Amino acid sequence: MRIVLLGPPGAGKGTQAVSLMKEYDLVHVSTGDIFRYNIKNETELGKKVKSYLSAGKLVPDELTIDLVWSKLDSDECKEGFLLDGFPRTISQAEAFDKGLHKRGIQLDGVINIQVDKELLLTRLEGRRVCKHCGATYHCQNNPPKVEGVCDVCGGKVIQREDDKRETLLHRIEVYEQETAPLVDYYKDSGYMINVDGSKPINEVFETIKESLKKDR
Ligand code: AP5
């Protein structure tokens, strides 16, 4: 199965990705995670993209598109993938379509997770992540058992630098300008699935599963 997760920052893409990976045995390809990994490890790519992430800006397409395909072309993605955070601009979507066409493969679903701006702000300001394994928490709705310590691996739980209010407001603005037009782009593709992401996590997951079963 090949799936794309669309939605604004904080919609729950990463949260749903964890359940979808397990359910369908998919490889989770998150461009945000790849960039953060490279920044943490101070690679050449990390040095190039650091300022974009800190400012809540998009990384230029030329650094993003080839990176995604190098991952999707690897053996581990042969049976399927779950793309989270890509495509994010019309030009990325067009390049992605060309690449799919060239390889003779098709998507099974573009899952558009919809959430109002006010709720996004509440979620992102409260989000905490494990610095080590990336597990996601929320300081009020879903805190780790011990404050600041990851339930999964015992790593340190922190706030993402780009979840500070000013940066996240900018990320939402960038989403509205650059990424929201993809909803129209995929509208008539036949594989668009719209989901109300303001519902509880399990309910969102069940809706996605049911929608993936249907012919579109
Ligand atoms: P990226 O890491 O992709 O961030 P994002 O799209 O802004 O998404 P988030 O990770 O913030 O949110 P999410 O939807 O995954 O929400 P989550 O599940 O964590 O990108 C970061 C940066 O990388 C970009 O700004 C850009 O610089 C760069 N980048 C990445 N891809 C790029 C590309 N293709 N091109 C150019 N640049 C790129 O949930 C959020 C919170 O809500 C959590 O606390 C969670 O527990 C909670 N929650 C989730 N669902 C629910 C629910 N149903 N009910 C209650 N709480 C919930």
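I began with strand E1, which is mostly covered, as four of its five residues are buried (under 20% relative accessible area with a 1.4 Å probe, protein chains only; exposed is over 50%, partly exposed in between). Elements are DSSP runs numbered from the N terminus, helices being H or I of at least four residues and strands E of at least two. I note that the model is predicted: local features need pLDDT of at least 70, side-chain atom pairs count only at pLDDT 80 or more, and totals for chains, interfaces and linings use all residues. Residues are numbered from 1 along each chain as its sequence is written, and side-chain values use heavy atoms, without hydrogens and water.

I then looked up the pairing of E1 (two strands pair if DSSP finds at least two bridges between them). E1 and E3 run parallel and are joined by four bridges; Val4 has Leu83 in E3 as its bridge partner. E1 also pairs in the parallel sense with strand E4 (residues 109-114), over four bridges, and Leu6 has Asn112 in E4 as its bridge partner.

Beyond its neighbours within four places in sequence, Leu83 contacts Ile3, Val4, Leu5, Val29, Val68, Leu72 and Phe96 (heavy atoms within 4.5 Å).

Of its 28 residues, Leu72, Leu83, Phe96, Leu107, Val110 and Tyr186 touch the most other members. The elements giving two or more residues to this core include E1 (2-6), E3 (81-84) and helix H4 (61-72). H4 gives the most, with five residues. I also recorded a second, separate core of 21 residues, with Ala17, Leu20, Ile111 and Val195 among them.

Note on methods:
Core = buried A, V, L, I, M, F, W, Y, C linked by side-chain atoms within 4.5 Å.
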